[in-house]
Amino acid sequence: MAETTRTVRESQAERSEIIFPNDANALGNLFGGRLMQFIDLVGAVAAYRHARSVTVVTASMDHLDFVAPVHVGDLLILRASVNRAFRTSMEVGVKAMVEDPKTGAWRHVSSAYLTYVAVDGHGTPVPVMPIVPETEHEKRRFEDAERRRQMRSTEVTRRRELRKALTQDWYL
Ligand SMILES: CC(C)(COP(=O)(O)OP(=O)(O)OC[C@H]1O[C@@H](n2cnc3c(N)ncnc32)[C@H](O)[C@@H]1OP(=O)(O)O)[C@@H](O)C(=O)NCCC(=O)NCCS
(Lines give C-alpha, C1' and ligand atoms only; values in the text may rest on other atoms or scores of the structure.)
Protein backbone atom coordinates (compact mmCIF):
# COMPACT_ATOMS: atom_id res chain seq x y z
CA MET A 1 0.00 0.00 0.00
CA ALA A 2 1.25 3.53 -0.80
CA GLU A 3 2.58 5.65 2.09
CA THR A 4 0.27 8.42 3.32
CA THR A 5 2.39 9.90 6.12
CA ARG A 6 6.04 10.11 7.18
CA THR A 7 7.71 10.20 10.56
CA VAL A 8 10.20 12.87 11.66
CA ARG A 9 12.92 10.22 11.96
CA GLU A 10 12.67 9.27 8.28
CA SER A 11 13.89 12.67 7.09
CA GLN A 12 16.38 13.73 9.79
CA ALA A 13 19.74 14.91 8.43
CA GLU A 14 23.18 15.56 9.86
CA ARG A 15 26.23 17.30 8.39
CA SER A 16 29.73 17.66 9.83
CA GLU A 17 32.31 20.26 8.81
CA ILE A 18 35.87 21.04 9.87
CA ILE A 19 36.29 24.82 9.74
CA PHE A 20 39.18 26.01 7.56
CA PRO A 21 40.79 29.50 7.40
CA ASN A 22 39.12 30.41 4.07
CA ASP A 23 35.73 30.26 5.86
CA ALA A 24 36.81 32.65 8.62
CA ASN A 25 37.42 36.34 9.33
CA ALA A 26 40.66 37.94 10.60
CA LEU A 27 39.88 36.77 14.17
CA GLY A 28 39.62 33.18 12.98
CA ASN A 29 35.82 33.06 13.48
CA LEU A 30 33.54 31.38 10.93
CA PHE A 31 31.67 33.90 8.72
CA GLY A 32 27.97 34.16 9.60
CA GLY A 33 27.03 33.84 5.92
CA ARG A 34 28.95 30.57 5.58
CA LEU A 35 27.17 29.18 8.66
CA MET A 36 23.85 30.20 7.09
CA GLN A 37 24.82 28.27 3.95
CA PHE A 38 25.60 25.13 5.99
CA ILE A 39 22.27 25.53 7.81
CA ASP A 40 20.35 25.94 4.54
CA LEU A 41 22.01 22.89 2.96
CA VAL A 42 21.38 20.48 5.83
CA GLY A 43 17.82 21.82 6.18
CA ALA A 44 17.24 21.19 2.47
CA VAL A 45 18.35 17.55 2.85
CA ALA A 46 15.69 16.96 5.54
CA ALA A 47 13.03 18.69 3.41
CA TYR A 48 14.04 16.68 0.30
CA ARG A 49 13.80 13.43 2.24
CA HIS A 50 10.34 14.32 3.49
CA ALA A 51 8.97 15.70 0.22
CA ARG A 52 10.50 13.27 -2.28
CA SER A 53 9.52 15.85 -4.93
CA VAL A 54 11.53 17.04 -7.94
CA THR A 55 13.14 19.61 -5.71
CA VAL A 56 12.58 21.88 -2.73
CA VAL A 57 13.28 25.60 -2.57
CA THR A 58 14.00 27.71 0.47
CA ALA A 59 11.09 30.10 0.97
CA SER A 60 12.41 31.72 4.15
CA MET A 61 14.81 31.52 7.03
CA ASP A 62 13.53 32.90 10.33
CA HIS A 63 15.51 34.96 12.78
CA LEU A 64 18.98 33.47 13.26
CA ASP A 65 20.99 33.87 16.45
CA PHE A 66 24.75 33.38 16.49
CA VAL A 67 24.95 32.22 20.11
CA ALA A 68 28.72 31.60 20.23
CA PRO A 69 31.57 31.91 17.72
CA VAL A 70 32.85 28.95 15.69
CA HIS A 71 36.64 28.94 15.31
CA VAL A 72 39.05 27.68 12.67
CA GLY A 73 39.76 24.00 13.40
CA ASP A 74 36.41 23.47 15.15
CA LEU A 75 34.29 20.46 14.29
CA LEU A 76 30.86 21.82 13.40
CA ILE A 77 27.85 19.48 13.61
CA LEU A 78 24.50 20.47 12.09
CA ARG A 79 21.28 18.57 12.71
CA ALA A 80 18.02 19.13 10.85
CA SER A 81 14.53 17.73 11.15
CA VAL A 82 11.13 18.54 9.71
CA ASN A 83 9.01 19.99 12.52
CA ARG A 84 5.79 20.08 10.55
CA ALA A 85 4.57 19.66 6.99
CA PHE A 86 1.76 21.91 5.78
CA ARG A 87 0.19 21.78 2.28
CA THR A 88 3.25 22.30 0.05
CA SER A 89 5.64 23.76 2.64
CA MET A 90 7.63 22.29 5.52
CA GLU A 91 9.14 23.94 8.58
CA VAL A 92 12.60 22.55 9.27
CA GLY A 93 14.52 23.19 12.49
CA VAL A 94 18.32 23.22 12.34
CA LYS A 95 20.66 23.17 15.32
CA ALA A 96 24.39 23.86 14.94
CA MET A 97 26.87 22.66 17.57
CA VAL A 98 30.64 22.49 17.98
CA GLU A 99 32.03 19.16 19.15
CA ASP A 100 35.02 19.10 21.47
CA PRO A 101 37.21 16.43 19.82
CA LYS A 102 38.81 15.44 23.16
CA THR A 103 35.67 14.99 25.26
CA GLY A 104 32.99 14.62 22.59
CA ALA A 105 30.96 17.32 24.42
CA TRP A 106 28.77 19.59 22.25
CA ARG A 107 28.41 23.37 22.54
CA HIS A 108 25.36 25.03 20.97
CA VAL A 109 26.39 27.78 18.54
CA SER A 110 23.30 28.55 16.47
CA SER A 111 19.80 27.44 15.51
CA ALA A 112 17.22 28.45 12.94
CA TYR A 113 13.83 27.62 11.49
CA LEU A 114 13.52 27.48 7.72
CA THR A 115 10.57 26.97 5.41
CA TYR A 116 11.06 24.88 2.27
CA VAL A 117 8.48 24.44 -0.47
CA ALA A 118 8.26 21.29 -2.61
CA VAL A 119 8.06 22.18 -6.30
CA ASP A 120 7.69 20.33 -9.59
CA GLY A 121 9.91 20.72 -12.67
CA HIS A 122 8.25 24.07 -13.47
CA GLY A 123 8.78 25.50 -9.99
CA THR A 124 5.08 25.12 -9.10
CA PRO A 125 4.40 24.16 -5.47
CA VAL A 126 3.23 20.55 -5.03
CA PRO A 127 1.62 18.91 -1.97
CA VAL A 128 3.73 17.03 0.57
CA MET A 129 2.73 14.24 2.95
CA PRO A 130 1.69 15.05 6.51
CA ILE A 131 4.26 14.29 9.19
CA VAL A 132 3.55 12.24 12.31
CA PRO A 133 5.43 13.37 15.43
CA GLU A 134 6.25 10.41 17.71
CA THR A 135 8.30 11.61 20.69
CA GLU A 136 7.40 14.31 23.25
CA HIS A 137 10.01 16.68 21.73
CA GLU A 138 8.66 16.10 18.22
CA LYS A 139 5.10 16.72 19.40
CA ARG A 140 6.10 20.01 21.07
CA ARG A 141 7.97 21.18 17.96
CA PHE A 142 4.98 20.17 15.80
CA GLU A 143 2.64 22.39 17.90
CA ASP A 144 5.11 25.29 18.02
CA ALA A 145 5.55 25.15 14.22
CA GLU A 146 1.86 25.99 13.73
CA ARG A 147 2.22 29.09 15.94
CA ARG A 148 5.30 30.22 14.01
CA ARG A 149 3.47 29.68 10.70
CA GLN A 150 0.70 32.10 11.84
CA MET A 151 3.32 34.75 12.65
CA ARG A 152 5.11 34.18 9.32
CA SER A 153 1.89 34.44 7.36
CA THR A 154 1.20 37.93 8.77
CA GLU A 155 4.72 38.97 7.78
CA VAL A 156 4.45 37.43 4.25
CA THR A 157 1.20 39.37 3.66
CA ARG A 158 2.80 42.58 4.88
CA ARG A 159 5.78 42.14 2.53
CA ARG A 160 3.56 41.27 -0.46
CA GLU A 161 1.62 44.49 0.07
CA LEU A 162 4.84 46.45 0.39
CA ARG A 163 6.15 44.98 -2.89
CA LYS A 164 2.92 45.93 -4.69
CA ALA A 165 3.29 49.50 -3.44
CA LEU A 166 6.83 49.82 -4.81
CA THR A 167 7.29 51.13 -8.34
CA GLN A 168 9.69 49.54 -10.85
CA ASP A 169 12.25 52.31 -10.31
CA TRP A 170 12.13 52.45 -6.50
CA TYR A 171 15.87 51.79 -6.29
CA LEU A 172 16.96 54.67 -8.59
C1 LIG B 1 8.65 29.70 -2.42
C2 LIG B 1 7.78 29.82 -3.68
C3 LIG B 1 7.79 28.49 -4.45
C4 LIG B 1 6.35 30.11 -3.21
O5 LIG B 1 5.59 30.34 -4.36
P6 LIG B 1 4.17 31.10 -4.28
O7 LIG B 1 3.76 31.43 -5.66
O8 LIG B 1 4.24 32.17 -3.25
O9 LIG B 1 3.26 29.92 -3.85
P10 LIG B 1 2.06 29.90 -2.82
O11 LIG B 1 1.54 31.28 -2.49
O12 LIG B 1 1.09 28.88 -3.38
O13 LIG B 1 2.73 29.31 -1.51
C14 LIG B 1 3.20 27.96 -1.49
C15 LIG B 1 3.62 27.67 -0.07
O16 LIG B 1 4.76 28.44 0.26
C17 LIG B 1 4.57 29.11 1.49
N18 LIG B 1 5.32 30.34 1.44
C19 LIG B 1 5.38 31.23 0.42
N20 LIG B 1 6.21 32.23 0.76
C21 LIG B 1 6.68 31.97 2.00
C22 LIG B 1 7.58 32.63 2.88
N23 LIG B 1 8.17 33.77 2.55
N24 LIG B 1 7.84 32.05 4.08
C25 LIG B 1 7.26 30.90 4.44
N26 LIG B 1 6.40 30.21 3.63
C27 LIG B 1 6.11 30.76 2.44
C28 LIG B 1 3.06 29.32 1.57
O29 LIG B 1 2.64 29.52 2.90
C30 LIG B 1 2.55 28.01 0.98
O31 LIG B 1 2.60 27.00 1.98
P32 LIG B 1 1.47 25.84 2.05
O33 LIG B 1 1.21 25.35 0.66
O34 LIG B 1 2.10 24.78 2.89
O35 LIG B 1 0.26 26.44 2.68
C36 LIG B 1 8.25 30.98 -4.62
O37 LIG B 1 8.09 32.22 -3.94
C38 LIG B 1 9.69 30.83 -5.06
O39 LIG B 1 9.99 30.06 -5.96
N40 LIG B 1 10.60 31.60 -4.44
C41 LIG B 1 12.02 31.52 -4.75
C42 LIG B 1 12.67 30.39 -3.96
C43 LIG B 1 14.16 30.39 -4.13
O44 LIG B 1 14.66 30.68 -5.19
N45 LIG B 1 14.87 30.09 -3.03
C46 LIG B 1 16.30 30.21 -2.95
C47 LIG B 1 17.01 29.19 -3.72
S48 LIG B 1 16.54 27.54 -3.33
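## Overall architecture

The protein contains two helices and eight strands, where helices (H or I, at least four residues) and strands (E, at least two) are DSSP runs, numbered from the N terminus. Along the sequence these elements follow the order β-β-α-β-β-β-β-β-β-α. This is a predicted model, in which local features need pLDDT of at least 70 and side-chain atom pairs count only at pLDDT 80 or more, whereas totals for chains, interfaces and linings use all residues. Residues are numbered from 1 along each chain as its sequence is written.

Taken along the principal axes, the C-alpha atoms fill a box of roughly 55 × 45 × 30 Å. Of the 172 residues, 28% count as buried, a residue being buried if 20 or more other C-beta atoms, placed from the backbone, lie within 10 Å of its own. Among contacts between residues at least 6 apart in sequence, 73% join residues at least 24 apart; two residues are in contact if their C-beta atoms, placed from the backbone, lie within 7 Å.

## The strand β5 and its partners

Strand β5 is largely enclosed by the rest of the structure, because eight of its eleven residues are buried. Strand β2 (residues 13-18) pairs with β5 in the antiparallel sense over six bridges, pairing being assigned if DSSP finds at least two bridges between two strands. Within this pairing, Ser-16 has Ile-77 of β5 as its bridge partner.

Strands β5 and β6 also run antiparallel and are joined by ten bridges, with a hairpin of three residues leading from β5 to β6. In this pair, Leu-76 stands opposite Val-98 in β6.

## The nonpolar core

The largest nonpolar core has 34 residues, and those with the most contacts inside it are Ala-47, Val-92 and Val-94; such a core is a set of buried Ala, Val, Leu, Ile, Met, Phe, Trp, Tyr and Cys residues joined through C-beta atoms within 7 Å. At least two residues of this core come from each of α1 (32-51), β5 (75-85), β6 (89-99) and β7 (106-119), and α1 supplies the largest share, eight residues.

Leaving aside residues up to four places away in sequence, Ala-47 touches Val-56, Val-82, Met-90, Val-92 and Tyr-116.

## The ligand shell

The ligand is surrounded by 15 residues, of which the closest are Ser-60, Phe-86, Arg-87, Thr-88 and Ser-89; a residue is counted if its C-beta atom, placed from the backbone, lies within 6 Å of the molecule. Two or more residues of this shell come from each of β3 (55-61), β7 and α2 (136-165), and β3 gives the most, with four residues.

Key: A residue is buried if 20 or more other C-beta atoms lie within 10 Å of its own, exposed if 12 or fewer, and partly exposed in between; C-beta atoms are placed from the backbone.
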